[in-house]
Amino acid sequence: MNHVISKFGLAAAAFCASVSLSAASIEWSESTADVLVLGENHDNPTHHARQQNAVNEIQPKAVVFEMLTPQEAALLADVPRDAAAMEAASAAFHWNNIADYAGVLSVSSVIVGAALSRDDMRAAFGDGAASVFGEDVDIYGLTAPLPKTEQETREALQFDAHCAAMPREMMGGMVQAQRLRDAAFARTVIEAIDTYGLPIVLVTGNGHARTDWGVPTYLARVRPDLDVVSVGQGERGNAPVGVFSWVMADAPAPDRGDPCDAFKTSN
């Protein structure tokens, strides 16, 4: 396995289709990446356990969490690095299943929050990501429109992700909100590098971990010197949608029922 997780192997993987690996074959401690982006399905406990294992073995300088606001992360700074203590300390946080992250939080020496406010997300939806991002918006590329094919593909994915329950004309705003989050997460990773050093781990959903248009693309744009590796996590042998440096697809899937039931009920 060492040849796969070497810097040469990981860098090579980033320029081709996702490389499929089993969790048992990965030696996280051998990673030489500057930034490791660990994707997930937010409700999959196996994904969380593998993230915990990765962080524990790599011992990054800091771990950036999509699930935490900066203010929430600050509240965890002095909490004992114990899963029960983390679960108790984060019980009132905004992320609805934050208790599922107690394990990975407990092995994170420095915890950084990247979540944006609802006001920022609403503004991006209505007025575009560029109107919210602030300084360096041009450097991050948010003032430029997406290529037509990518825009259409992303709108279609958003429409399907919302179970076709929202008007299709609203999907452009959803894509703008997604672009804002991707760029903001990348900015937070860079700030963590400048503050704490290398390596850094980002814990985030698979959609943000994509190397074709997620956080890694913004890191490559702003800090092309960084060696960024992205891991997508699938279920039952099915890889997540998108391109990643490598993919683990052998996790079982939780019993989550039909995710579209919530939309049917609300309608």
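**View 1. Helix α10 and its length.** In this predicted model, α10 has 26 residues and spans 37 Å from its first C-alpha to its last, close to the 38 Å expected at 1.5 Å a residue, where the expected span is 1.5 Å times one less than the number of residues. Helices here are DSSP runs (H or I, at least four residues), numbered from the N terminus. Just after α10, Gly197 takes a positive phi of about 100 degrees. Residues are numbered from 1 along each chain as its sequence is written. Because the model is predicted, local features need pLDDT of at least 70, and side-chain atom pairs count only at pLDDT 80 or more, while totals for chains, interfaces and linings use all residues; side-chain values use heavy atoms, with hydrogens and water left out.

**View 2. Helix α10 with helix α12.** The axes of α10 (residues 171-196) and α12 (residues 215-222), which are lines fitted to C-alpha atoms over the stretch in contact, with angles from 0 to 180 degrees between N-to-C directions, come within 8 Å and cross at roughly 55 degrees.

**View 3. Helix α7 with helix α10.** The axes of α7 (residues 118-127) and α10 come within 7 Å and cross at roughly 130 degrees, and the pair is therefore oblique. Asp120, Met121, Ala124 and Phe125 in α7 meet residues of α10 that include Met174, Leu180 and Arg181.

Note on methods: Helices (H or I, at least four residues) and strands (E, at least two) are DSSP runs, numbered from the N terminus. Angles under 35 degrees count as roughly parallel, over 145 as roughly antiparallel, 65 to 115 as roughly perpendicular and the rest as oblique. Contact means heavy atoms within 4.5 Å.
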